[in-house]
Amino acid sequence: DPAAEHGAGSFLILPHGEGTTLNQAANVQALLDVLPVGLALVDRDGRFLTVNQAFRHAAGIGEGVTPIYPGDLVAKEDKAIVADAIRRNARGPAMSGDLAVRLARQPDEPVALTIAGLRGLGDAVVLLLLKDNSEEAKLKRQVAQQTKMQMVGQLAGGVAHDFNNILTAIIGHCDLM
C-alpha cells in the first residue's frame, strides 16, 4: 500500500488479453526512463536493445542516437574489457560485477559500470548499470582542495607564531642594549 506509512509501490505490466493493442515495449521504455539509475539491456551478440534516459545522460549519448555496442561508449583502452565482461555474462551463469571504465567523452574520470547476466527476459541477456559519478568526483576534489588549504593555513600560522617568538626575543635584547 503506497499510501501507508512504510508502504511500497509496485509497477505491474500485464498483458491486456488476446489481441491487445497496448504497446508493451513503449510502456516498459516509459517505466525505464523514469528510473534515476542508468539502465541498458544488451542481447547475446553484445548489441544494445534499449537504453533509458539516465543511461543516455551518464554516457553522454545524444537524443535519438543509440550506439550499437557498449564498447563504443568507452575509451579505446577499455573496449576489450567491456566486451569480454559482456560476453562472459551473456553465456555463463547469471552473475554481476562492477568495472571501473573511462567513457570516451570523459577519459579522465572513471565511472562505475555494473554488468549483470539476466535469464528469462527474451532477447535481453545482459543488464548494464551506469552511474554518473561526475558530481561525486567534483565534490571529492573540492574536499581534497579544502583539506590541503586548511593544512597550508595551519603550517603558515605555526611558522608565523614561531617567527613572532624569535622577533620578541630579539626586540627584548635590543631594548636591554
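The legends below describe close-up views of a predicted model.

**Figure 1. Confidence along the predicted chain.** The chain has a mean pLDDT of 78, and 80% of its residues reach 70 or more. Where pLDDT is low, the predicted coordinates should not be read in detail.

Figure 2. Strand S1 covers residues 38–42, and five of its five residues are buried, so the strand is largely enclosed by the rest of the structure. Gly38, Ala40 and Val42 point one way from S1, while Leu39 and Leu41 point the other way. Residues on both sides of the strand are buried. S1 runs antiparallel to strand S2 (residues 48–51), and three bridges join the two. Leu41 has Thr50 as its bridge partner in S2. Five residues lie between the strands of this hairpin, and Gly46 takes a positive phi near 85° there.

**Figure 3. Asp43 in the loop between S1 and S2.** Asp43 lies in the loop that separates the two strands. The residue is buried yet has no salt bridge. Arg47 provides the nearest side chain of opposite charge, 4.6 Å away; the cut-off for a salt bridge is 4 Å. Two backbone nitrogens are also shown. That of Arg47 lies 2.8 Å from a polar atom of the Asp43 side chain. The backbone nitrogen of Asp45 lies 3.1 Å from a polar atom of the Asp43 side chain.

**Figure 4. The aromatic pair of Phe48 and Phe55.** The structure holds one aromatic pair. The ring centres of Phe48 and Phe55 are 5.9 Å apart and the ring planes stand at 70°, so the pair is edge-to-face. Phe48 counts as buried because its relative accessibility is 10%. Phe55 also counts as buried, with a relative accessibility of 2%.

**Figure 5. The salt bridge between Glu77 and Arg102.** The count of salt bridges in the model comes to five. One of them joins the side chains of Glu77 and Arg102, with an N to O distance of 3.7 Å. Glu77 lies in the loop between helix H2 (53–59) and helix H3 (79–91), and Arg102 in strand S3 (residues 96–103), so the pair ties together parts that are 25 residues apart in sequence. Glu77 is exposed, with a relative accessible area of 56%. Arg102 is partly exposed, with a relative accessible area of 26%.

Figure 6. The side chains of Asp84 and Arg87 meet in a salt bridge at 3.4 Å, N to O. These two residues are three apart in helix H3, so about one helical turn separates them. Arg88 also forms a salt bridge with Asp84, and the closest N and O atoms are 3.7 Å apart. Arg88 and Asp84 are four residues apart in helix H3, about one turn of the helix. Asp84 is partly exposed, with a relative accessible area of 37%. Arg87 is partly exposed at 44%, and Arg88 is partly exposed at 47%.

How values were computed: Residues are numbered from 1 along each chain as its sequence is written. Side-chain values use heavy atoms; hydrogens and water are left out. pLDDT is the predictor's confidence in each residue, from 0 to 100. Buried means under 20% relative accessible area, exposed over 50%, partly exposed in between (1.4 Å probe, protein chains only). Two strands pair if DSSP finds at least two bridges between them. Rings of Phe, Tyr and Trp (its six-membered ring) pair if their centres lie within 6.5 Å; planes under 30 degrees apart count as stacked, over 60 as edge-to-face and the rest as tilted. Lys and Arg count as positive and Asp and Glu as negative; His and the chain ends are not counted. A polar contact is a pair of N or O atoms within 3.5 Å; within protein, one must be able to donate a hydrogen and the other to accept it, and residues adjacent in sequence count only if both atoms are side-chain atoms.
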